[in-house]
Amino acid sequence: MPQCGLNKSLFSYAQYEHLGYLPGYQEPAQDLYTIPELPKDTPRIQLRLAGEKRKHNEGRVEVFYEGEWGTVCDDDFTIHAAQVVCRELGYFEAVSWSPSSKYGKGEGRIWFDNVRCTGNERSLAQCESNGIGVSDCKHTEDVGVVCSDKRIPGFKFVNTLTNNINSLNIQVEDVRIRPILSTYRKRIPVTEGYVEVKDGGKWKQICDDEWTQMNSRVICGMFGFPGDKRYNTRVYKMFARRRKQTYWDYSINCTGNEAHLSSCKLGHTLAIKANSTCEQGSPVVVSCVPGRAFAPAPMAGYKKAFRQEQPLVRLRGGAVVGEGRVEVLKNGEWGTICDDSWNLVAATVVCRELGFGSAKEALSGGQLGQGMGPVHMNEVKCSGFEKSVTECPFSMDKDSEGCSHEEDAGVRCNVPAMGFQQRLRLSGGRNPFEGRVEVLKERNGSLVWGTVCGEGWGIMEAMVVCRQLGLGFASHAFQETWNWPGAVNADSVVMSGVRCAGTEMSLSHCLHHGEYLSCPKGGGRFAAGVSCSETAPDLVLNPQVVEQTTYLEDRPMFMLQCAYEENCLGSTSSSTPANSYRRLLRFSSQIHNNGQSDFRPKASRESWVWHDCHRHYHSMEVFTHYDLLSNNGTKVAEGHKASFCLEDSECDEGIEKRYECANFGEQGITLGCWDTYRHDIDCQWVDITDVKPGDYIFQIVINPNYEVAETDYTNNIVKCRCRYDGHRIWMYNCHIGGSFSAETEDTFPGLINNQVTHR
């Protein structure tokens with residue numbers, strides 16, 4: 001019985017996770033919407049947000065008056081005016097506004113100029129201005145606004161116009177898919193049911209008289225599904241005849257490439273029915289096709305689920321599923337997309353291609369970290385119906401200015417609400433981003449909260465917890481939680497032996513002990529804990545620097561005493577006379593931080609180790625692995641685990657160095673800077689004294705033990721081809737793991753690949 005109760009609550013809340021409301025959340029009464037009563041002499045206008053949008057709730061402010069759409073000039077415009085615009089459109093508040101046609105130049109009349117609002121007006125037409133239609137502005141001065149995601153509770157769309165209804169955009173408080181048939185009521189995610197809009201605080205059905213497949217495509221996209229399919233209409237017609245419906249007053253007209261219902265137009269005809277019936281039809285039903293990762297049933301659902309045809313596109317650097325920097329595969333090499341003209345339509349093509357819904361946001365300016373390799377596409381212009389973003393027209397003028405990785409495009413996609421957040425919580429922390437991990441598990445027929453065994457708990461497991469709760473990346477993983485007294489009734493261990501790859505959507509998807517738990521220390525203070533962060537660093541080794549700085553040195557053993565003590569030489573060095581030589585493969589390492597925040601060592605200052613060889617403290621005892629491998633992937637030279645002092649050697653223009661090793665200084669790598677370990681530093685080598693001539697593969701792995709959280713671990717590996725003739729060495733084809741196509745990577749067998757695996 002308790003299990004059923006959980007499913008019901010998961011269904012209830014799961015569909016609204018994206019709004020950020022907690023279960024049981026109630027709006028304060030004073031925020032409830034009342035329909036504005038405007039004086040008779042106030043011009044009757046309608047508003048919309050248009051232009052080159054990167055979120056559905058932003059855009060150029062456009063005004064519909066006397067049968068014509070026009071714009072608003074930015075002269076005297078303030079956040080108070082933006083507040084009036086957003087609230088008139090049903091959003092809770094304004095976030096910001098932008099002058100100078102940020103969302104592109106509009107067309108037609110400029111209806112308002114020198115707008116001066118107090119912020120309390122019920123319509124933009126009530127604000128002081130030069131008078132409607134009186135302006136000396138050009139469309140280069142068109143104003144835009146960004147409104148909050150949150151809608152006004154109880155908002156009701158009121159049409160003040162009698163004609164041109166089909167010119168207006170849809171404005172409702174909320175939308176949902178309500179499962180009707182019993183088979184779909186129990187299923188997560190909800191993929192089929194009535195489409196209902198919340199208008200005036202009440203949920204209403206939509207008459208299917210004018211409903212099209214394009215409308216279904218938009219609705220499914222909003223709820224995280226890449227497509228829609230046919231359903232059994234007869235069953236729903238029988239169901240509709242049994243119950244009286246409450247229909248919305250309007251129909252909907254979408255073209256199919258909209259990312260959100262608010263971009264669709266009201267239907268051609270006004271469908272007001274005095275008796276609240278839909279004469280020739282019944283309530284609109286949609287049946288959505290989930291991406292493979294979200295298929296409800298393990299086998300049948302998995303086979304029917306949407307499948308990406310060819311992996312030509314991938315997301316990197318995102319904190320949650322369906323978010324990341326967009327990378328495309330061209331000519332066998334992965335590269336990025338420049339953000340010029342990047343918009344919701346193109347972002348939606350990417351999202352659908354990857355098995356998600358439409359795009360929530362088109363990101364620009366390398367917000368999710370900078371990529372490496374080529375910039376493959378610029379000025380991408382999609383229609384919205386392409387199967388892949390690689391089919392969209394684009395311009396890639398090699399001589400064009402300014403398409404660096406600082407302009408890498410990204411996406412945030414709508415994903416299905418799976419209810420995962422309801423099965424996990426952080427307890428006892430000082431803020432919502434930290435605490436002891438507590439999970440909801442079935443024990444003896446009832447659902448109980450309990451802890452996770454701290455033994456073996458690491459950053460990969462913490463990453464999954466933070467993702468599941470929507471809290472970003474893990475900044476630390478704790479095997480003991482003495483400082484966080486969680487709920488006393490949740491001290492018992494209900495989960496042990498957890499091992500995650502780091503990419504799972506839920507902790508329950510990770511490997512873990514089943515019914516028989518094993519946790520010698522028990523739960524309570526020895527339970528697992530995490531702290532989460534909205535951002536994280538991303539370390540990337542420059543492969544060209546490795547390739548260009550490689551050389552051989554024969555160094556006498558008496559000059560290698562310090563390196564010998566630090567285990568930087570092959571095992572045969574212990575029997576090498578002081579006057580003989582060791583052959584060293586030397587190279588430089590240039591490690592960039594391309595992520596979203598500074599890279600800081602895990603260890604605190606008091607535990608740093610002094611190294612006589614380098615004459616400074618090392619903050620990470622194992623920071624890189626250096627290995628020389630045969631072509632089948634077996635080690636031929638005893639590589640070693642290099643420890644590092646982390647500092648800023650150089651930085652991108654405009655960024656100041658923050659970390660240096662000298663004088664026991666703070667250590668780390670600033671975002672936008674890099675740390676160079678030169679080829680002439682002790683231990684910056686592989687000892688190849690005992691290696692025979694031949695063809696080999698050289699491999700470097702950064703942060704190999706995942707001691708510090710990063711946005712992307714798949715780019716922490718560099719691989720090079722290597723030819724040694726006994727006297728000279730050639731290093732070529734150096735590249736970051738995962739930067740080439742799978743076929744190219746297959747020519748490096750036996751290596752650590754670009755996928756994080758179970759440890």
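Modeller: Helices (H or I, at least four residues) and strands (E, at least two) are DSSP runs, numbered from the N terminus. By that rule, Phe-294 sits in the loop between β13 and α6 (300-304). The model is predicted, so local features need pLDDT of at least 70 and side-chain atom pairs count only at pLDDT 80 or more, while totals for chains, interfaces and linings use all residues. Residues are numbered from 1 along each chain as its sequence is written, and side-chain values use heavy atoms, leaving out hydrogens and water.

Biologist: Why is Phe-294 called buried?

Modeller: Buried means under 20% relative accessible area, exposed over 50%, and partly exposed in between (1.4 Å probe, protein chains only). Phe-294 has a relative accessible area of 2%, so the residue is buried.

Biologist: Which residues does Phe-294 touch?

Modeller: Contact means heavy atoms within 4.5 Å. Leaving aside residues up to four places away in sequence, Phe-294 touches Pro-189, Val-321, Gly-355, Phe-356, Val-415, Pro-416, Met-418 and Met-505. Gly-224 is 70 residues from Phe-294 in sequence, and their C-alpha atoms are 9.4 Å apart.

Biologist: What makes α4 a mostly covered helix?

Modeller: In α4 (residues 213-222), eight of the ten residues are buried. These pack against β7 (174-178), β8, β10 (227-228), β11 (250-253), β13 and α7 (344-353).

Biologist: Which residues of α5 are buried, and how do you know where on the helix they fall?

Modeller: In α5 (residues 233-242) they are Tyr-236, Phe-239 and Ala-240. Seen down the axis of α5, these residues fall within an arc of 100°, so they line one face of the helix. The arc is that of the directions from the helix axis to the C-beta atoms. Their cover includes α3 (182-185), β8 (192-199) and β13 (285-289). On the other side of α5, Arg-234, Arg-241 and Arg-242 are exposed.

Biologist: What makes β26 and β34 edge strands?

Modeller: Two strands pair if DSSP finds at least two bridges between them. The open sheet has four strands in the order β26-β29-β35-β34, with antiparallel pairing. β26 (539-541) and β34 (650-651) each pair on one side only, as edge strands.

Biologist: How many bridges join β26 to β29?

Modeller: Three bridges link β26 and β29 (residues 589-593), in the antiparallel sense. Val-540 stands opposite His-592 in β29.
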